[in-house]
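Take a walk through this model, one feature at a time. Keep the sequence and the 3D view side by side as you read.

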Amino acid sequence: MTAPLRGVTVLDFTRVLAGPLATQILAELGADVIKIERPRRGDETRTFEPRLPGGESAYFFSVNRGKRSVTLDLSSPRGQDIARELADRADVVVENFMPGTMDKYGLGYAALAERNPRLVYVSSTGFGQSGPYSDRKGYDTVFQALSGIMSLTGHPDTPPAKVGVPISDMTSGLWIAIAVLTGLLGRGADGRGSHVDLAMMDVQTSLLALAAARIFALDEDPSRTGTEHPGRVPSAAFQCADGGWLHISCSDQHWGPLCRVLDLPELAADPDLAANAGRLKQRGRVTAALAAAIARRTRNDLAAELRAVDVPAGEVNSAREALADPHTAARRMVGSFDHPVEGEFGALRTPLRLDGREYPEPGVPPLLGADTEDVLTGLLGMDRADVARLREEGTV
């Protein structure tokens, strides 16, 4: 069966991480994603480390698979004309320039929608199209800091910490993809597209749902708790006898089996600890007893014994261990693609499985400008001599 987004054309003006991640998802679900890049330089992540033997960037590879690359100088009038012609034939435009930049180029939503009313146009910016911070620039860690996420990450006795992955960029990328799909579905009623104003800061604020619930309910500003859950005991990572760490997270029905496995009859018999509310009140006592018992056990043996009695437990894996995990392998999450310069290279698959459709294979990241001629001749009807002249003048 055909891929679900086959026939959808996406004009992608985004760079770096959040936008490219979103459009990679769309590409691997079948959309024709045309990535617009600066002539000669391209997306700045093409120069990011780690670099591969042939000079390509593994960073760029991670979020730009399956796209076509067209180089276009948006600062030139001819480049802007070509971009408008491409947008006339597109279903979706995604951009992450500062507010007002696309309008300056004559490529804002109002200008493009007048020519193509069905266009779904997503503007992804740090702080949105309005508000007192709309003219600020920002990066992933800036949003982690401002949103409160950094203040919640780490242990109580350590400074604030960033999350181990660029969570602000990556969650924003997911919301960009959601915005595109919502816009495509929404235009079905009257055929008109829409403009989506998506701010990375808004996305990060939305991730505070549970922290906000504590503020609204308890007037309590949550703080760092390490691996412990603020509202559940036990839910934390404990160090085992072999130095490994095991995360255990229990509800009331798991408490008795956990105590039996760890040989803690006194805790099991205490009626005040039978329910989570009681364990919360005695967090220090419970955590200390569990830590001492777990420190006498090896990680893998204890994890297996706990899972045998349905106590949720997870080994704290390194990234390498997670990628090599048998379940990861069985789910085929790690794939690869064959790049024209770097050869075979690993890739994490898009994690969607749709009944009756093939599991999306990792696409190949494009070389800079590799598809310029094909797109301009095939989509806009230019001849090769036209493209050659554009290349000579530096427009493409």
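**Cavity, sheet, pocket**

The residues lining the largest cavity divide into five nonpolar, two polar and two charged. Here Ala, Val, Leu, Ile, Met, Phe, Trp, Tyr, Cys and Pro count as nonpolar, Asp, Glu, Lys and Arg as charged, and the others, Gly among them, as polar. This is a predicted model: local features need pLDDT of at least 70, side-chain atom pairs count only at pLDDT 80 or more, and totals for chains, interfaces and linings use all residues. Residues are numbered from 1 along each chain as its sequence is written, and side-chain values use heavy atoms, without hydrogens or water.

Which residues line the largest cavity? They are Glu228, Val233, Pro234, Ser235, Ala236, Phe238, Arg283, Thr287 and Leu290. On a 1 Å grid over the protein atoms alone, a cavity is a set of points where a 1.4 Å probe fits but cannot get out; lining residues have an atom within 4 Å of a point. The volume of the largest cavity is about 40 Å³. Volume means the space filled by probe spheres set on the points, with grid points joined across faces, edges and corners. A search of the whole structure finds one cavity of 30 Å³ or more.

Now the sheet. Three strands form an open sheet in the order β7-β8-β9, with antiparallel pairing. The edge strands, β7 (235-239) and β9 (313-315), each pair on one side only. Strands (E, at least two residues) and helices (H or I, at least four) are DSSP runs, numbered from the N terminus. Two strands pair if DSSP finds at least two bridges between them. β8 (residues 245-249) and β9 are joined by three bridges in the antiparallel sense. Leu246 stands opposite Glu315 in β9.

Helix α14 (residues 283-294) lies across β7 and β8, at about 35 degrees to β7. Axes are lines fitted to C-alpha atoms, for helices over the stretch in contact, and angles run from 0 to 180 degrees between N-to-C directions. Contact means heavy atoms within 4.5 Å.

Next, the largest pocket. A pocket is an open set of grid points with protein on both sides within 12 Å along at least five of seven lines. The largest one holds about 960 Å³ of space. Of its 30 lining residues, Leu21, Gln24, Ser62, Met170 and Leu348 lie nearest the centre. By class, the lining of this pocket has 24 nonpolar, four polar and two charged residues.
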